[in-house]
Amino acid sequence: MQKSNKLRLVLIMMLAVVMIFAACGGPSNGNDVNDASVAQGNNPEQSENQDAAEGNADAAEDSSEQEQAVQEEPEEPAEPPVEPSVEQDIPSLKDVYADYFPIGAAIEPHQTTGLVSELLKKHVNMIVAENSMKPSSIQPQEGNFVWTNADKLVNFAKENGMQIRFHTLVWHNQVPNWFFLDEDRKPMVDETDPEKREANKQLLLQRLETHVRTIVERYKDDIKYWDVVNEVVEPGDPGGIRNSPWYQITGTEFIETAFRVAREAGGPDIKLYINDYGTDGVRKRDIIYDLVKEMLDKGVPIDGVGHQTHISIHGPTVASIIDSMKKFAELGLDNIVTELDMSLYSWNDRSDFGDKIPDHILMKQAERYQQLFEAFKENTDILSEVTLWGISDKHTWLTGFPIQRVGEAPLLFDKNFHAKPAYWGVVDPSKLEDMKNQ
Ligand code: GLA
């Protein structure tokens with residue numbers, strides 16, 4: 001009997017264990033169960049969210065389908081995308097200006113082929129290297145003259161009956177540092193010992209002479225117009241001469257040396273220019289004037305002043321640009337416009353029209369280009385070349401300067417190489433009137 005009671009007790013206990021086991025829900029109890037349930041518990045929520053998101057996406061898709069459906073039935077057909085092309089049925093700039101002055105454009109070697117080269121051939125009869133003839137491109141290491149890109153431009157010009165202006169023998173930018181290192185590869189500008197400073201000066205002038213002579217001898221029969229020095233005046237610097245390493249090491253002797261050697265190497269027929277920006281500003285203009293006068297008095301062979309003319313639709317005045325040329329003409333100097341472009345923005349403006357440049361802005365640009373070229377035509381006795389810093393808005397340094405901008409368009413042809421209102425301002429202003437009345 002006791003045995004059977006014990007057995008019963010054991011059975012009852014076993015039953016109790018089974019019931020507890022069943023109530024706990026399975027063999028893996030404890031934390032495992034809880035973890036699993038937490039983990040699983042998130043899933044439904046996730047999938048609910050997912051559903052909701054998908055639902056939204058569906059809704060969005062639905063509505064965009066609806067929108068598309070609306071867009072697919074526009075009242076007027078959408079305009080086809082504009083394809084780049086060279087318009088053959090418009091006048092050639094160089095022909096329109098044939099009786100006045102050559103029309104130039106700054107170019108890169110890659111622009112000697114393809115559609116843009118056709119645009120250049122149609123409209124310009126002068127080119128200048130945007131970068132390929134700067135000191136860092138031509139002599140990156142001492143004695144290592146690299147001609148490939150410069151030659152390419154020279155050949156392109158010759159093949160197409162274009163003149164070339166060399167830009168530039170001397171500049172404080174895009175000049176390799178080796179020019180300014182002493183025999184021990186130390187910066188010459190840091191030297192304080194007067195004797196060593198003098199030796200450094202002679203070394204730098206010798207390097208300059210080699211640079212100028214080598215280049216001018218190579219191209220003197222192909223290139224008639226030369227930017228000898230670029231941007232050597234800076235009104236904010238002491239004495240108004242840019243405080244570059246050139247100036248710190250040689251004073252203004254580098255300017256004299258560059259012109260003298262260019263003349264020696266190139267002979268009397270090449271034309272030698274001092275080039276700068278902001279030459280319409282009275283202060284800067286007068287410093288350049290004084291510098292050039294002093295040089296001429298010393299017999300330094302300077303033929304003319306290059307006016308870069310990076311301007312904007314807001315300024316400077318056309319009158320100030322012409323006045324400056326008149327002042328240099330008093331010294332018997334020629335004037336050339338070397339880097340013309342017309343930004344849509346004033347200097348301090350950091351905005352961007354983006355893809356949609358307003359028509360009235362392009363029209364304002366056209367009117368200013370018109371006024372400028374009218375003034376140029378009236379002054380051909382003192383002005384002998386007008387070169388733009390590029391040919392179409394597809395390739396212009398101003399999309400990256402002074403800030404990155406999509407909506408910059410400083411030239412006469414748009415990004416698809418098509419004539420802008422600015423082109424018509426220069427070629428046939430009556431077309432601007434037609435455009436305004438449209
Ligand atoms: C100056 C130089 C040019 C060119 C422009 C900006 O004007 O003379 O060679 O570098 O800056 O691109």
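# A tour of the predicted model

Glu-231 sits in the loop that runs between strand 4 (225–230) and helix 8 (245–250). Select Glu-231 to begin. The model is a predicted one, and in it Glu-231 has a positive phi of about 60 degrees, although Glu-231 is not a glycine. Most residues other than glycine have a negative phi, and most peptide bonds are trans.

Next, look at the peptide bonds. Select His-167 and Thr-168: the bond from His-167 to Thr-168 is cis, with omega near 0 degrees. Thr-168 belongs to strand 3 (residues 163–170). Then select Phe-401 and Pro-402, which are also joined by a cis peptide bond, with omega about 0 degrees. Where is Pro-402? Pro-402 is placed in the loop between strand 9 (383–388) and helix 13 (421–427).

Which residues are around the ligand? They are His-167, Asn-230, Tyr-277, Gln-308, Glu-339 and Trp-397. By type, this shell is made up of two nonpolar residues, three polar ones and one charged one.

Now select helix 7 (residues 194–219) and helix 9 (residues 253–266). Their axes come within 9 Å and cross at roughly 30 degrees. Angles under 35 degrees count as roughly parallel, and helix 7 and helix 9 are therefore roughly parallel to each other. The crossing of the two helices is right-handed.

Show the side chains where these helices meet. On helix 7, the contact is made by Leu-205, Leu-208, Glu-209, Val-212, Arg-213, Val-216 and Glu-217. On helix 9, the contact residues are Glu-253, Phe-254, Thr-257, Ala-258, Val-261, Ala-262, Ala-265 and Gly-266. How do the residues of this contact divide by type? Nine are nonpolar, two are polar and four are charged.

Last, colour the chain by pLDDT. The mean pLDDT of the chain is 87, and 83% of the residues reach 70 or more. Select residues 15–70, where the pLDDT is below 50. Beyond near neighbours in sequence, this stretch has four contacts in the model. Where pLDDT is low, the predicted coordinates should not be read in detail.

Definitions and conventions. Residues are numbered from 1 along each chain as its sequence is written. This is a predicted model: local features need pLDDT of at least 70, side-chain atom pairs count only at pLDDT 80 or more; totals for chains, interfaces and linings use all residues. pLDDT is the predictor's confidence in each residue, from 0 to 100. Two residues are in contact if their C-beta atoms, placed from the backbone, lie within 7 Å. A residue is near a molecule or strand if its C-beta atom, placed from the backbone, lies within 6 Å of it. Ala, Val, Leu, Ile, Met, Phe, Trp, Tyr, Cys and Pro count as nonpolar, Asp, Glu, Lys and Arg as charged, and the others, Gly among them, as polar. Axes are lines fitted to C-alpha atoms, for helices over the stretch in contact, and angles run from 0 to 180 degrees between N-to-C directions. Helices (H or I, at least four residues) and strands (E, at least two) are DSSP runs, numbered from the N terminus. Angles under 35 degrees count as roughly parallel, over 145 as roughly antiparallel, 65 to 115 as roughly perpendicular and the rest as oblique. A crossing is left-handed if the near helix is turned anticlockwise from the far one by less than a right angle, and right-handed if clockwise.
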